[in-house]
Amino acid sequence: MDYYIGIDVGTGSARACIIDNKGDIVGLASENIGLWQPQQGYYEQSTSDIWRCICISVQRAISQHNINPSWIRGIGFDATCSLAVFSNDTDEPVSVTGPNFDTDRNVILWLDHRPVEETEKINATNHNLLRYVGGKMSIEMEIPKILWLKNNMPKELFDRCKFYDLADALTHIATGNEKRSFCSVVCKQGYVPVGVDGSVKGWQEDFLKEIGLEDLTKDNFKRIGGVNGVNGEYLSAGELVGTLCEKAAAELGLPPGIAIGSGVIDAYAGWIGTVGAKVNLEGDELDSEVASNDRTQAFTRLAAVAGTSTCHLAMSPNPVFVPGVWGPYRDTILPGYWMAEGGQSATGELLRHIIETHPAFNQALSIAESYHTNIYDYLNEHLKEMVQEQQAPSISYLGRHFFFYGDLFGNRSPIADSRMTGSVIGLTSDKSVDSLSIYYYATLEFIALQTKQIVETLNKAGHNINSIFMSGSQCQNEILVKLIASACNVPVLIPRYVHAAVCHGAAMLGAKAASADSEGKTEDLWEIMDRMSKPGRKVLPTTDPHEKALLDVKYRVFLEQCYKQQEYRNLVDQAIGSWEKTK
Ligand SMILES: Nc1ncnc2c1ncn2[C@@H]1O[C@H](COP(=O)(O)OP(=O)(O)O)[C@@H](O)[C@H]1O
Ligand SMILES: O=C(CO)[C@H](O)[C@H](O)COP(=O)(O)O
């Protein structure tokens, strides 16, 4: 009776799943978490609220599925890469809401774009460290956010703060322990386990001093995890952080003493939960399993973790530097291997925004509700009906003259330009549900074409991606999945647990932690993935020559919309030169 819990904290909800020792999910529950937007571009959450949602989900998953809490051997966590702030002296949450810093919101969400000036200052250093985060530090990372707090908080409050990536904050709450994960400090906080030429290693003291965060270097970098981590170590995914403490155990409804694995950012849990599946990628047949699954196969498999945002993760045995793609990050998942992380800042959120701001949204939503379906499934059905009514050859034909470019939340990859916005060619005065459906389809098409741009950029730089393993809520969207397969011309694998693949990855971290021997040595994560991953369904690219020709030409226009926008912006900036802003 050995069971493991995975806890996945996405932008919108906390989920808990329980797996058995074969990796089958036997319990699953989720709870929506709070998100506050005090002003445009600012997004905040609260670890107290998130922990409450985790506790509800765990208790529900346990009780609904009749699991005895004493059967749980290990717990793994993943969370969005958001900055969580606590007090050094009391360990209480510290508010991040200016100007008074008096709310219980202590998390600056990854999507928050408040540190614009701080990010510019960081990138102006051209420090060698920036090579290891994709060439530029993203506004979504945590060092710019810490710097914003330094610039905006009262000094005595800032001096009392300690900083965690959210996944580390959760393992801290669970264990009371300060051990941090490589995934957190390397991917979001500027720690480099080992650089390629030995010139960069560990925390970059000169960099932190140059940007004005010398405070973090004091006491051996204690406020961000320690000079080399606690006891001289940072942990790779799932290594043993400690055991469930009495307080957290009582809140979760579990016995104390359960092994807690080192957490990862949610995107990385999506990689863990999907790419180890034993699947036959050749040929047309679906679902056929293959016996052998050596880890080098992972080098050709891209994980696309598609929730509020989409993250594209690729592992390589050697460092590959890809402009506009975060990393390369060593040791974060499997010790000695490197990860690259491309991404789209908003995909699920982009779809939601496009649908909800269209004049026909309320009408479409009430029809969807009358059919007891969600808006995405309804719009997909409506597109199929439009094809019938208009006797069109395909859905793509309906949208052939509509061109949507969707960087409404900035561009993460591959051009890494947070000033990017959206553009449309093909607007009409049509306010109908048909018009909404075409706009929605064009958004799906945009997501697929940008995925192609990211895959091409990865492969041009030295990766060798030839399949995509998807997870997150978007993998339930059959039109989107087919578009991604066709645009990228590779098979897309849908996991068996479409609602819980990321959480499944987190549960494998619980299994790894539970395997710790008396010296804390744990089983190899790939071995666990090999044993517990589940094959799902394979979606192949279109073979229709017209569909292919249309996607090719749409890609050409997509690239023009992307680069022309930057060109137009430069033209304007050159023309108006030093025109001063009026206050
Ligand atoms: N069928 C669907 N097709 C496309 N997008 C979807 C679908 N269902 C949900 N989404 C989007 O997925 C996002 C939520 O996905 P989820 O994996 O739960 O995210 P997170 O982990 O970020 O909380 C929302 O932004 C929602 O708009
Ligand atoms: O930046 C990321 C990972 O590095 C993710 O985009 C971020 O954590 C949000 O994830 P999600 O879209 O699943 O809520």
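Colleague: By class, how many residues of the shell around ligand 2 are nonpolar, polar and charged?

Modeller: This is a predicted model, in which local features need pLDDT of at least 70, side-chain atom pairs count only at pLDDT 80 or more, and totals for chains, interfaces and linings use all residues. Residues are numbered from 1 along each chain as its sequence is written, chains are lettered from A and ligands numbered from 1 in the order in which they are written, and side-chain values use heavy atoms, with hydrogens and water left out. Ala, Val, Leu, Ile, Met, Phe, Trp, Tyr, Cys and Pro count as nonpolar, Asp, Glu, Lys and Arg as charged, and the others, Gly among them, as polar. By class, the shell around ligand 2 has six nonpolar, five polar and four charged residues.

Colleague: Which residues are the closest to ligand 2?

Modeller: A residue is near a molecule if one of its heavy atoms lies within 4 Å of it. Ligand 2 is surrounded by 15 residues, and the closest are T11, K188, D266, S309 and E341.

Colleague: How far is a polar side-chain atom of E341 from an oxygen atom of ligand 2?

Modeller: A polar contact here is a pair of N or O atoms within 3.5 Å. For K188, a polar side-chain atom is 2.9 Å from an oxygen atom of ligand 2, and for T308 a polar backbone atom is 3.3 Å from an oxygen atom of this ligand. For E341, the side-chain distance to an oxygen atom of ligand 2 is 2.5 Å.

Colleague: What percentage of the accessible area of ligand 2 does the protein cover?

Modeller: Accessible areas come from the Shrake-Rupley method with a 1.4 Å probe. On its own, ligand 2 has 380 Å² of accessible area, and the protein covers 95%.

Colleague: Which residues are the closest to ligand 1?

Modeller: The shell around ligand 1 has two nonpolar, 11 polar and two charged residues. Of the 15 residues that surround ligand 1, the closest are G12, R15, T308, Y376 and N477.

Colleague: Which element supplies the largest share of the shell around ligand 1?

Modeller: Helices (H or I, at least four residues) and strands (E, at least two) are DSSP runs, numbered from the N terminus. At least two residues of the shell come from each of β2 (13–19) and α11 (348–356). The largest share, three residues, comes from α11.

Colleague: How far is an oxygen atom of ligand 1 from an N or O atom in the side chain of R15?

Modeller: A nitrogen atom of ligand 1 is 3.0 Å from a side-chain N or O atom of N477. A backbone N or O atom of E349 is 3.4 Å from an oxygen atom of ligand 1. For the side chain of R15, the distance from an N or O atom to an oxygen atom of ligand 1 is 2.6 Å.

Colleague: Where is P414 found, and what is the peptide bond from S413 to P414?

Modeller: Most peptide bonds are trans. P414 is found in the loop between β16 (403–406) and β17 (422–425). The peptide bond from S413 to P414 has omega near 0° and is cis.

Colleague: Which strand holds P328?

Modeller: The peptide bond from G327 to P328 is cis, with omega near 5°. P328 is found in residues 326–330, strand β14.

Key
Polar contact = N/O pair within 3.5 Å; in protein donor to acceptor, adjacent residues only side chain to side chain.
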